[in-house]
Amino acid sequence: MWRLKIGEGRDDPYLFSTNNFVGRQTWEFDPEAGTPEERAEVEEARQNFTKNRRQVRANADLLWRMQFLREKNFKQTIPPVKIEEGEEITYEKATSALRRAAHFFEALQSSDGHWPAENAGPLFFLPPFVLCLYITGHLNTVFSAEYQKEILRYIYNHQNEDGGWGFHIEGHSIMFCTVLSYICMRMFGEGPDGGQDNACARARKWILDHGGVTHIPSWGKTWLSILGVFEWSGSNPMPPEFWLLPSFLPMHPAKMWIYCRLVYMPFSYLYGKRFVGPITPLILQLREELYTQPYNEVNWTKVRHLCAKEDIYYPHPWVQDLLWDSLYILTEPLLTRWPLNKLVREKALQVTMKHIHYEDEISRYITIGVVEKAMCMLACWVEDPNGDCFKKHLARMKEYIWVAEDGIKMHSFGSQLWDTSLAIQAFLATDLTNEIGPTLARGHDFIKKSQVRDNPSGHFKGMHRHISKGSWTFSDQDHGLQVSDCTAEALKCCLLFSMMPPEVVGDKMEPERLFDAVNILFSLQSKNGGLAAWEPAGAADWLEVLNPTEFFEGIVVEHEYVECTASTVQALVLFKKLYPGHRKKEVENCITNAVRYIESIQMFDGSWYGNWGICFIYGTWFALGGLAAVGKTYNNSLAMQKAIDFLLRTQKDDGGWGESYLSCPTKEYVPLEGNRSTLVQTAWAMMGLILAGQAERDPTPLDRAAKLIINSQMEDGDFPQQDTTGVYLKNCMLHYAAYRNIFPLWALAEYRKCVQFPSKSI
């Protein structure tokens, strides 16, 4: 059986940690573990997912939950609650439902205080690791038979009925993920017509029917060139000389969004070396299977700009194609020949590799994300196949592996801090401290231990890095990359805990560490008042025309986000109350400018576009939280009035809210098909309404929503998994498996506090 391990790594000589691996979550397979009953339970969960995968694409993350509930001998002792048609919601029934949800979610807390959870969904996360391990000869040692079995399960479970795979688990089939998934199946031993339900044959038919692999987007062309299934001459240039450019130029690494910068860093290294992996019999077979014409007859120059229409979200403007053509025709021939290949290209490769090593070291070889990880790991192997850097990368691969009933996938690297900071606020809202004190204390301890205590090492500004001291990351301290909303939400938790008895929740955080967090938030505010997420925004927006991807938007430079801005407002308002003398004028200016930014970006229909959750409901909840924190109300704020009108207008007949992921790429509100609701989005809308005083004006919409949440609660206090509710970069959905517990719990807690009971019949 598979088992989730917490905080392990001390015995591995290639692992090192800044806080003794607090928050680290890794999986291991134990062939001897589990009783026959426990194994049968896991198998039943797998079969149920496969049977229902067309209705609910996101898994319920059941394997580790079963493990934790068994280990803690959890039994739900509070009787279930049901609100009948026309029945009033009483304080007692609301409390019972709340306590059932809280006690269940308590049992899922890990020993170090965080809540584990899958953070996955994109179907391009896994294949680069498979390709990297195949190239380096480590595929069968890192991914043993049990791993391969579960990886294939995941691939089969998320194949669409037309034979292809989407950009993410909810999406329509695209060339990029279909080709990569097909190659993974072949690398794991499936024949060209093999796989479950003829998976390979169906996938290959989809590929060939849509023009063949020459129509794969640019990232795919790069990976396949590295693998030897494509030619580098069929890819647009990614010259490593980019890392030698002077900083006064408008296009410079330091001016790019950090994830874009660090994805193209190893890409450019491998491109600059024109690295190609071993040409094995399988590679030669793939060259035959994936093309609509013989491989040696492909005109590689002409396929550089080809991309299947299904893959295009951001069409390249003509000016960008002109740039690529200029580099391809004029620049690359010079840089790859003597003397410039010695004078410039070799130096560029050395500088690029220096940046790769720096990023690896300051992230403890986690790197900043799943796409970068596989590329940096391969670059280190190309530089030195037997070197310690590659071995350190292998040791940190476990960070990315996640096991659930739908199989093994690679997830983002974890959302430990983010999920925990939200979970803690949900628990604090319950007013059940006398029942959940130890849970709060463990969560507080985890948050304190997860704060980043130092800036990146060395001359970090020269390596294009921002300050990080005092911040919190998305995952754990070892990751090291500051995020403004994670910092703001964790800061809120620490401030709230500082007002509670230390004998219950533990010692409060030292003021100096709180001040460091505030400093991070100040540093990430733009002139327009908005907060960027990772690094200060400020580069010219016109640089986005150079976006080299076809399936993302807004990736070239850093931007401001309503969620980051609203979280910061809430944190700083509370900070100002507790520390009124600390940088008073700066705090006030930051809040004032942030609120102005929030109001300025409200949509015409009263909503806000959500960047990290689906979508307008999510953004609106955050925005209302920021406005309410500074005293804005329905009576004194036109923005609040418009937002409440939007939420009330989109409430469903069942009392809930349900928004399709299509809202994110289309940037227009799209309801879920079939007039359906999701509990997570219902909770966001409920809390937004509560923040704007809906309970005092007319609690009926809240009563209807609370009834839906209460009646949806499961026997053990859990809530059902429904549609994916997370997103990033507008076009890629992300499954936050803990959301289905955090937000219904939080909404019920706020509802119980604000509504006068008994409510009228609903």
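Me: With which residue does Glu-310 form a salt bridge?
Reply: This is a predicted model. The closest N and O atoms of the pair are 3.0 Å apart, and a salt bridge requires a side-chain nitrogen of Lys or Arg within 4 Å of a carboxyl oxygen of Asp or Glu. The partner of Glu-310 is Lys-309.

Me: Is Lys-309 buried or exposed?
Reply: Buried means under 20% relative accessible area, and exposed means over 50%. Glu-310 has 17% relative accessibility and therefore counts as buried. Lys-309 has a relative accessible area of 67%, so this residue is exposed.

Me: Which residues do salt bridges that share partners join into one network?
Reply: A search of the whole structure finds 39 salt bridges. Through shared partners, one network is formed by Arg-24, Arg-396, Glu-399 and Asp-478.

Me: How many residues apart are Asp-718 and Arg-65, whose side chains meet in a salt bridge?
Reply: The N to O distance in this salt bridge between Asp-718 and Arg-65 is 3.6 Å. Asp-718 lies in the loop between α29 (700-712) and β10 (726-728), while Arg-65 belongs to helix α2 (residues 62-71). Both Asp-718 and Arg-65 are buried. The pair links distant parts of the chain, the separation being 653 residues.

Me: Which helices hold Glu-289 and Arg-186?
Reply: The side chains of Glu-289 and Arg-186 meet in a salt bridge at 2.9 Å, N to O. The pair ties together parts that are 103 residues apart in sequence, because Glu-289 lies in helix α11 (residues 281-289) and Arg-186 in helix α7 (residues 175-187). Glu-289 and Arg-186 are both buried. The helices are thus α11 for Glu-289 and α7 for Arg-186.

Me: How many disulfides does the structure hold?
Reply: Cys-307 is a further case to consider, and this residue is buried, with a relative accessible area of 15%. The closest cysteine sulfur to that of Cys-307 is in Cys-177, and a bond is ruled out because the distance is 12 Å. For the structure, the number of disulfides is 0.

Me: With which residues is Ala-374 in contact, leaving aside its neighbours within four places in sequence?
Reply: Ala-374 is found in helix α15 (residues 370-383), and its relative accessible area is 0%, so Ala-374 is buried. Leu-131 is 243 residues from Ala-374 in sequence, yet the C-alpha to C-alpha distance is 8.8 Å. Beyond its sequence neighbours within four places, Ala-374 is in contact with Pro-128, Phe-129, Cys-132 and Trp-223.

Me: Where is His-464, which has a positive phi although it is not a glycine?
Reply: The phi of His-464 is about 65°. His-464 has a relative accessible area of 13% and is therefore buried. This residue is placed in the loop between α18 (433-450) and α19 (484-498).

Me: What is the phi of Tyr-365?
Reply: Tyr-365 is placed in the loop between α14 and α15, and counts as buried because its relative accessibility is 1%. Although Tyr-365 is not a glycine, its phi is positive, at about 70°.

Note on methods:
Residues are numbered from 1 along each chain as its sequence is written. This is a predicted model: local features need pLDDT of at least 70, side-chain atom pairs count only at pLDDT 80 or more; totals for chains, interfaces and linings use all residues. Side-chain values use heavy atoms; hydrogens and water are left out. Helices (H or I, at least four residues) and strands (E, at least two) are DSSP runs, numbered from the N terminus. Buried means under 20% relative accessible area, exposed over 50%, partly exposed in between (1.4 Å probe, protein chains only). Contact means heavy atoms within 4.5 Å. A disulfide is a pair of cysteine sulfur atoms within 2.5 Å.
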